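Here is a short briefing to read alongside the model. Please have your viewer open and follow along by residue number.

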Amino acid sequence: MAIDFTLTSEQIAIRKTAREFAQDILKPVAIEADAERDPQKAFSMMKPVYREAHKLGLTFGFIPKEYGGAGISNVDLQIVAEEICAVDPGFGCILLVNGLALLPLVWYGSEEQRRKWLFEATSDQTGEYIAGYNVSEAAGTANFDHPGAYPSGMQMTAEHDKGRGEYVLNGSKYWPSSSGGWDLKGANVNMFIVRTDRHKGGKEGLSAILVPRGTPGMTFKAPIDKIGHRTNQNNWIECDNCRVPEENVFAVGDGDLIISKAFTWSGPVAGIAAVGVARAAYEWTMEWSKTYTAAGDKPIMHHQNVGYALGDIAMRIEASRYLCWKAAHYLDMYQSEGQAFGAMAKVFSCELLFDTVYKCMQIAGVNSLNKEYPLERYLREAAVFPIYDAGTMGMQRRKIWGVMADPDFATNAFRDCEPVKFKKSMEGW
């Protein structure tokens, strides 16, 4: 039987390591940081935790072994991410963004670029190296592949100054994660998607560029104050004639493909993060229902309505987990190509499990609104999932639609693990 959901001994060990890290090291700091009113301070409080994660190989484990990473599979990443996000998905997002920023080099960068930037990250001895992923803009990002020329679509520009061998960045990014770094002076490296050709649309005029910390002309404003994922930093970045060496540019004219593929890779991770939060809410509510009587003569678990609701919650969590695992397995088969299927895992899990967390609150009743209990925090965290990481109503559903609308699409491709080549014609529906 080829289908087997039994974890290997190595995967069980990975899960144990991730769970112990999450419970013993992450949890005490995350709860305190979530309550911190200053978003930058909340983020900086995670730096000691991040250093511990680095010691365990969690910060860059997804980078291939030939560039100093652990080369873990997407399925293994699912196991780690669920344990971390069951405690704090904001910290999980910090780790995720390292992948969003650096994996595009694996997919689209030159060998010289990969060796320079990936080894810089994996060989860091401080344990504090962090990467920023800069796509989102204040005007909106869903129409990144708009066929119109500037100013439609992406509006941060990078003009090629061939005489000086540099690109000159102008414009702003809004909502990017980790970009300001631990001290709001910049991540060690920031990967930007920029418009390198003002006269072309999003399918031809976008490229990626790496901007190292300390580059003049890049300003970071105070991080955005959010209801959830408070341990994760989101910024407003301004670039004013920010000059970057031309050797830092890659995927020229294919920045749109980076966006599509990066958010494909992260789709099942966002989905399993939702599983982690829903699981934490479910576990707490289960224990609550077995002891809380609501002034009756027996715990509320013995009432049919509560039992049915908890059964529904358990089923949703299991279904979402296995969809995420399947999507991750598919991405492992095809070098993270599986744009529709990564998106499916994200959309289904994140939307279904937001309602699942709320159902836990309904079981607990008015007590769930009390901040002494964790359910209000779980709901705040769950509210983030359908909106971030290429929102389910913006970019992710459109990706599914675009792939399915292709005349060559096979309806059972995902079931049968058949390859589906992603084409630019699938964008912009």
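The points below cover helices first, then some individual residues and loops.

This is a predicted model, in which local features need pLDDT of at least 70, side-chain atom pairs count only at pLDDT 80 or more, and totals for chains, interfaces and linings use all residues. Residues are numbered from 1 along each chain as its sequence is written, and side-chain values use heavy atoms, with hydrogens and water left out. Helices (H or I, at least four residues) and strands (E, at least two) are DSSP runs, numbered from the N terminus.

**Helix H5**

- Helix H5 covers residues 89–108, and its end C-alpha atoms are 28 Å apart, which agrees with the 28 Å that its 20 residues should span. The expected span is 1.5 Å times one less than the number of residues.
- At Leu-102, H5 bends by about 35°, and Pro-104 follows within four residues. The bend is the angle between axes fitted to the seven residues ending at a position and the seven starting there.
- H5 is mostly covered, with 17 of its 20 residues buried. Buried means under 20% relative accessible area, exposed over 50%, and partly exposed in between (1.4 Å probe, protein chains only).

**Packing of H8 and H11**

- Helix H8 (residues 267–291) packs with helix H11 (residues 375–384) at an angle of about 160°, and their axes are 10 Å apart. Axes are lines fitted to C-alpha atoms, for helices over the stretch in contact, and angles run from 0 to 180 degrees between N-to-C directions.
- That angle makes H8 roughly antiparallel to H11, a term for angles over 145 degrees.
- On the H8 side, the contact (heavy atoms within 4.5 Å) is made by Val-277, Ala-280, Ala-281, Trp-284 and Thr-285. Leu-375, Tyr-378, Glu-381 and Ala-382 make it from H11.

**Glu-120**

- Glu-120 sits in helix H6 (residues 111–122) and counts as partly exposed because its relative accessibility is 30%.

**Backbone details in loops**

- Tyr-150 and Pro-151 are joined by a cis peptide bond with omega of about 15°. Pro-151 lies in the loop between strand E1 (131–134) and strand E2 (157–161).
- Ser-178 is not a glycine, yet has a positive phi of about 65°. Ser-178 belongs to the loop between strand E3 (166–177) and strand E4 (189–195), and is buried at 0% relative accessible area.
- Ala-295, also not a glycine, has a positive phi of about 70°. Ala-295 is in the loop between H8 and helix H9 (304–333) and is exposed, with a relative accessible area of 79%.

Methods. Angles under 35 degrees count as roughly parallel, over 145 as roughly antiparallel, 65 to 115 as roughly perpendicular and the rest as oblique.
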